[in-house]
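Student: Please take me through this structure with care, setting each term against its definition as we go.

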Amino acid sequence: MVPRHAGGAARTALTVLGALALTGLPAAAAAEPPAPAPSSAQTLGADRPSAVVLRAMQRDLRLTGAQAKARLVNEAEAGTRAGRLQNVLGKHFAGAWVHGTTSAGLTVATTDAAGVAAIKADGAQAKVVKNALKDLDTAKSKLDAAAVGKALDTPVRYVDVRTNLVTLQATSRAAADKLIAAAGIDRRLVDVKVSADRPRALYDVRGGDAYYIDDQARCSVGFSVTKGEQQGFASAGHCGKAGAKTTGFNKVAQGTFEASVFPGKDMSWVSVNSEWTATPAVKGEGDTNVQVAGSVQALVGAAICRSGSTTGWHCGTIEQHDTTVSYAEGDIDGVTRTTVCAEPGDSGGSYVSGTQAQGVTSGGTGDCKSGGITFHQPINPLLTMYGLTLKTATAQSGTPAPEDGRTVGWTTGRVYEVGTRVTYDGVSYQCLQTHQAQGAWQPRLTPALWQRL
């Protein structure tokens, strides 16, 4: 696949609490019960999705309005359950995914049959598998290492938790066999998928609004961010190099690329001048706004929607996390593979699951007429890399804290991964879902994200 050209030059990828009245007791003796903890859906805003998200899910996932609403709630609740089970199963945890029209099903895989009872006790389906995630991750890493500089015939590599194998997409079986041999891994760990598709970075590219780089190239805004008092936005790395100047969708001077990585990763951030204000909005269908409430990473199988300046608002599902894809410019590691379509010019644009930011558009294959596969750079690693705070519709304060081990204090602005332990007000908690901490998301108030130990 080749990038779109214009003017002879390639456009560079741019809750309800009721009082209890006890009859016959003095009013002072009547005690109210403690307020119930908010559900995962309430915490993440999945119980109150925007009409824009619902309409796109109905169109692209062929759902009714009721099904779309139910799916978002189920996926939010499943994320908390999966995180809780991951912490219980430890090294035997082998992945989790949602399934069914409304994501009513949650399957959790384990390499130890002794864990089945715990999985079923939490209402999930159990699947006992042979391969530990660490073994599959190691095999994928060896494939990635062997593919460096020569991977255009084996362009996509990822661990598929649903098959409990490493998937290798190659243009031919011979190319796949050659890479597997070079990597020195057990062939039984690999599922080869032969396809002529070669992903490419989506060149020519609010969240989703257009911006222009050095008056030549066009990309799409990912998410608004802040760094201390400086406002800006996250986007794709291939959109521009550090120091490049940007103008907004209206061609008004906007900002400067502060940092950019591509290939290896596909991430960047742009600081904006005083004429621009960072908002928690992503451009939805019909120029309406979708408000971002956080960055809780969604499970495999979850619905996801994308906004971009070329094709607008489209939805699909998450296929795999931690994918490696090879573009002509080099390998990109740690991206998420989705069934959302995109086209050149959508690069850098926003991926959202319900109200939660997921990532920025990197590349893919196909288009929005015939359908396609796309990859996004996850937002949480980007925030961590550059010390940024996602702009959200929830109250927030503070600045990112430095990494200082697995047992740490809770701090607004820091990205926490599943299994991380913190102390908050002298109480220990363990993280259930990967996310950046928001000011309203203290561990004692968010059992959707933190489990008290």
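Student: How does the lining of the second largest cavity divide by class?

Tutor: This is a predicted model, where local features need pLDDT of at least 70, side-chain atom pairs count only at pLDDT 80 or more, and totals for chains, interfaces and linings use all residues. Residues are numbered from 1 along each chain as its sequence is written, and side-chain values use heavy atoms, leaving out hydrogens and water. The lining of the second largest cavity has 6 nonpolar, 2 polar and 1 charged residues, where Ala, Val, Leu, Ile, Met, Phe, Trp, Tyr, Cys and Pro count as nonpolar, Asp, Glu, Lys and Arg as charged, and the others, Gly among them, as polar. Lys391 is one of the lining residues, and Lys counts as charged.

Student: What makes a space a cavity, and what makes a residue part of its lining?

Tutor: On a 1 Å grid over the protein atoms alone, a cavity is a set of points where a 1.4 Å probe fits but cannot get out, and lining residues have an atom within 4 Å of a point. The largest cavity has a volume of about 180 Å³, and 17 residues line it.

Student: How do you know that the charged end of lysine 251 sits over the ring of tyrosine 212?

Tutor: The charged end of lysine 251 is 4.4 Å from the centre of that ring, and the rule asks for NZ of Lys or CZ of Arg within 6 Å of the ring centre and within 35 degrees of the ring normal.

Student: Why are both faces of strand E11 called covered?

Tutor: Ala217 and Cys219 on one side and Arg218 and Ser220 on the other are all buried, which means under 20% relative accessible area with a 1.4 Å probe, protein chains only.

Student: What makes E10 and E11 a pair?

Tutor: Strands E10 and E11 pair in the antiparallel sense over 4 bridges, and the definition requires DSSP to find at least two.

Terms used: Buried means under 20% relative accessible area, exposed over 50%, partly exposed in between (1.4 Å probe, protein chains only). Helices (H or I, at least four residues) and strands (E, at least two) are DSSP runs, numbered from the N terminus. On a 1 Å grid over the protein atoms alone, a cavity is a set of points where a 1.4 Å probe fits but cannot get out, and a pocket is an open set with protein on both sides within 12 Å along at least five of seven lines; lining residues have an atom within 4 Å of a point. Grid points are joined across faces, edges and corners, and a volume is the space filled by probe spheres set on the points.
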